[in-house]
Amino acid sequence: MNNAIEVAGLVKHFGEVKALDGVDFTVPTGTVVGLLGPNGAGKTTAVRVLTTLLHPTAGRATVVGHDVVAQADQVRKVIGLSGQYAAVDEILTGRENLEMVAGLYHMSRADQRQRANDLLERFDLLDAADRPAKTYSGGMRRRLDLAGALVARPQVMVLDEPTTGLDPRSRIGMWDVIRELVAEGATLLLTTQYLEEADLLTNSIVVIDHGRVIARGTSDELKAQVGGERVEVVITDRGQLANAAAVMRRVAGADAEVNPDDRRVTVPTSASGGAAALVDVVRELDTAAVGIDDIMLRRPTLDDVFLSLTGHVAEDETSPAMAGPKER
């Protein structure tokens with residue numbers, strides 16, 4: 001089967017709110033596709049439809065060839081889901097949590113113990129295996145939750161913002177776990193707000209906003225759409241901002257963004273010309289006698305992508321699906 005997941009014209013309404021408004025995308029077997037967007041974009045709603053937790057208002061979606069509405073039971077047998085919040089029983093130990101999940105899949109007691117032990121070792125949780133999950137750190141709970149999603153060895157994994165709320169160290173640890181799954185040939189649908197995360201972990205990205213797909217492609221292709229890298233300069237003298245912007249505009253051949261509050265001027269560069277543009281900006285500003293407090297070359301951020309594609313940044317919103325208004 002070429003595509004593990006196929007989504008066509010997916011629509012989901014909550015009252016008057018269109019959480020999904022005709023979404024189309026595919027996840028080829030053995031690849032990792034990132035579903036990128038801000039809170040409220042529709043990512044979690046799409047995940048809930050694909051994992052049979054919600055019925056779509058219109059459109060169609062299949063997972064490993066099974067229709068998510070007509071063949072929901074078959075879909076549940078081939079997927080693993082790790083949601084935004086770790087779904088662990090805090091009273092039970094880590095081992096008991098995994099054995100409970102294995103029991104739901106009707107594994108024998110011996111197989112439950114073996115599978116739990118294997119996953120605890122894989123996710124570096126053996127030392128804490130017999131402690132109540134309520135004593136776990138946020139990163140440990142997320143690892144335990146992901147381990148639970150892998151108990152039945154699913155063909156498709158759906159990870160819904162798996163690193164949201166984690167500290168940097170725990171986030172890097174979760175990335176390592178996901179990379180291991182990828183190296184083993186897993187098929188993953190990963191939703192995230194972080195362009196860096198999608199860049200590191202995915203083969204391709206689908207960008208959604210207000211329930212619609214607004215862009216798709218590899219990380220590099222998306223960055224090229226917003227001008228590749230950016231040269232950012234903090235000017236010593238605020239009175240030189242206009243002069244600095246004119247110089248940088250001429251060097252980059254693109255409009256400069258000026259932030260008077262922190263004396264910052266930013267210009268996009270071509271995908272392959274960032275380093276050369278940085279050198280040229282330094283030289284030309286020096287020739288123009290414009291003092292520099294700081295200068296850097298950075299890659300586009302999620303806000304850069306959304307500002308370019310939609311005209312607004314990825315503001316923090318509450319997802320209609322999370323708010324739970326009446327479904328129709």
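Select Leu146 to begin: leaving aside neighbours within four places in sequence, Leu146 is in contact with Ser82, Phe123, Met157, Leu159, Met174, Val177 and Leu181, contact meaning heavy atoms within 4.5 Å. The model is a predicted one, in which local features need pLDDT of at least 70 and side-chain atom pairs count only at pLDDT 80 or more, while totals for chains, interfaces and linings use all residues. Residues are numbered from 1 along each chain as its sequence is written, and side-chain values use heavy atoms, with hydrogens and water left out.

Helices (H or I, at least four residues) and strands (E, at least two) are DSSP runs numbered from the N terminus.

**Helix 3**

Now colour residues 94–104, which form helix 3 and include Val101. The buried residues of this helix are Gly94, Asn97, Leu98, Glu99, Val101 and Ala102, and helix 4 and helix 5 are among the elements that cover them. An α-helix has 3.6 residues a turn, so residues three or four places apart point the same way.

Is Val101 buried or exposed? Val101 counts as buried because its relative accessibility is 19%; buried means under 20% relative accessible area, exposed over 50% and partly exposed in between (1.4 Å probe, protein chains only). Beyond its neighbours within four places in sequence, Val101 is in contact with Gly148 and Val151.

Leu104, also in helix 3, counts as exposed because its relative accessibility is 63%. Show its surface together with Met100 and Tyr105: the three make a nonpolar patch of about 320 Å². Patches are made of residues with over 30% relative accessible area and no salt bridge, like charges being joined within 9 Å and nonpolar side chains (Val, Leu, Ile, Met, Phe, Trp, Tyr) within 5 Å. A salt bridge is a side-chain nitrogen of Lys or Arg within 4 Å of a carboxyl oxygen of Asp or Glu. Accessible areas come from the Shrake-Rupley method with a 1.4 Å probe, and for residues only the protein chains shown count as cover.

**Positive phi values**

Most residues other than glycine have a negative phi. Just after helix 3, select His106, whose phi is positive at about 60°. Which loop holds Asp124? Asp124 lies between helix 4 and helix 5, with a positive phi near 55°, and counts as exposed because its relative accessibility is 64%. Phi of Glu161 is positive, near 50°, and Glu161 is buried, with a relative accessible area of 2%.

Select the four strands of the open sheet, ordered 2-1-4-5 with antiparallel pairing. Its edges are strand 2 (17–28) and strand 5 (66–67), each of which pairs on one side only. Two strands pair if DSSP finds at least two bridges between them. Strand 1 (residues 3–14) is joined to strand 2 by nine bridges, and Leu10 stands opposite Val23 in strand 2.

**Strand 9 and its partners**

Finally, select strand 9 (residues 204–209), where five of the six residues are buried. How many bridges join strand 3 (residues 32–36) to strand 9? There are four, and these two strands run parallel; Leu35 stands opposite Val206 in strand 9. With strand 10 (residues 212–217), strand 9 pairs in the antiparallel sense over five bridges, and Asp209 faces Arg212 in strand 10. Two residues lie between the strands of this hairpin, in which His210 takes a positive phi near 50°.

End at Val213 in strand 10. Val213 counts as partly exposed because its relative accessibility is 23%. Leaving aside neighbours within four places in sequence, Val213 is in contact with Val23, Asp24, Val206, Val207 and Ile208.
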